[in-house]
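Please keep the sequence and the structure at hand while reading.

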Amino acid sequence: MQPHEVLYISPTTAELWELSAEDHHQGWPKCRQLVHVDDLERADAAIRLSWTTGELYIEFRVTVEGGSERWIANRGFPVRDGSGEIYRIGGFLEDITERKAADIRFAESERLASIGELSAGVAHEINNPLT
């Protein structure tokens, strides 16, 4: 058995990807077809590295049916045999779309706040000589 051979896919994971459990048993080559093109190289590199180390943490986008995007956090950990060799990789996926949207909103509000502070500073400097 290879560490990256898919043995079990939860119904929630299959639903997240909008793939059947049978599709998931085809492994990463099948799943990677849904990975956003801008994240594909990074996701491939993380998956390849996990086959060696057993460790995995990556966040990437997938494009599901209808063209909508979801952000997924993929975490993996090694399962070792008695001699310490990796014989399986366990892991789970989490839909982090809402968190990513909140991060984007927060970054935008921070940007607007700094523009406001800059504007207030400029206005103060303009007003000082006038008074």
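A residue is called exposed when its relative accessible area is over 50%, and buried when that area is under 20%. In this predicted model, the face of helix 4 turned away from its buried side carries the exposed residues E41, L49 and T52.

The buried residues of helix 4 are L40, A43, D44, A46, I47 and S50. Because they cover an arc of only 165° around the axis, they lie on the same side of helix 4. An α-helix has 3.6 residues a turn, so residues three or four places apart point the same way. The partners against which the buried residues of helix 4 pack are listed here.

| Partner of the buried residues of helix 4 | Residues |
|---|---|
| helix 3 | 28-31 |
| strand 1 | 56-63 |
| strand 2 | 69-80 |
| strand 3 | 86-95 |

D44 is located in helix 4, which comprises residues 40-53. With a relative accessible area of 13%, D44 counts as buried because this value is under 20%. When residues up to four places away in sequence are left aside, D44 touches W28 and R32, and the side chains of D44 and R32 make a polar contact at 2.5 Å.

As for the length of helix 4, its 14 residues should span 20 Å at 1.5 Å a residue, and the end C-alpha atoms are 20 Å apart, which agrees with that expectation. Helix 4 is followed by G54, which has a positive phi near 80°.

Methods: Residues are numbered from 1 along each chain as its sequence is written. This is a predicted model: local features need pLDDT of at least 70, side-chain atom pairs count only at pLDDT 80 or more; totals for chains, interfaces and linings use all residues. Side-chain values use heavy atoms; hydrogens and water are left out. Helices (H or I, at least four residues) and strands (E, at least two) are DSSP runs, numbered from the N terminus. Buried means under 20% relative accessible area, exposed over 50%, partly exposed in between (1.4 Å probe, protein chains only). A polar contact is a pair of N or O atoms within 3.5 Å; within protein, one must be able to donate a hydrogen and the other to accept it, and residues adjacent in sequence count only if both atoms are side-chain atoms. Contact means heavy atoms within 4.5 Å. The expected span of a helix is 1.5 Å times one less than its number of residues. The arc is that of the directions from the helix axis to the C-beta atoms.
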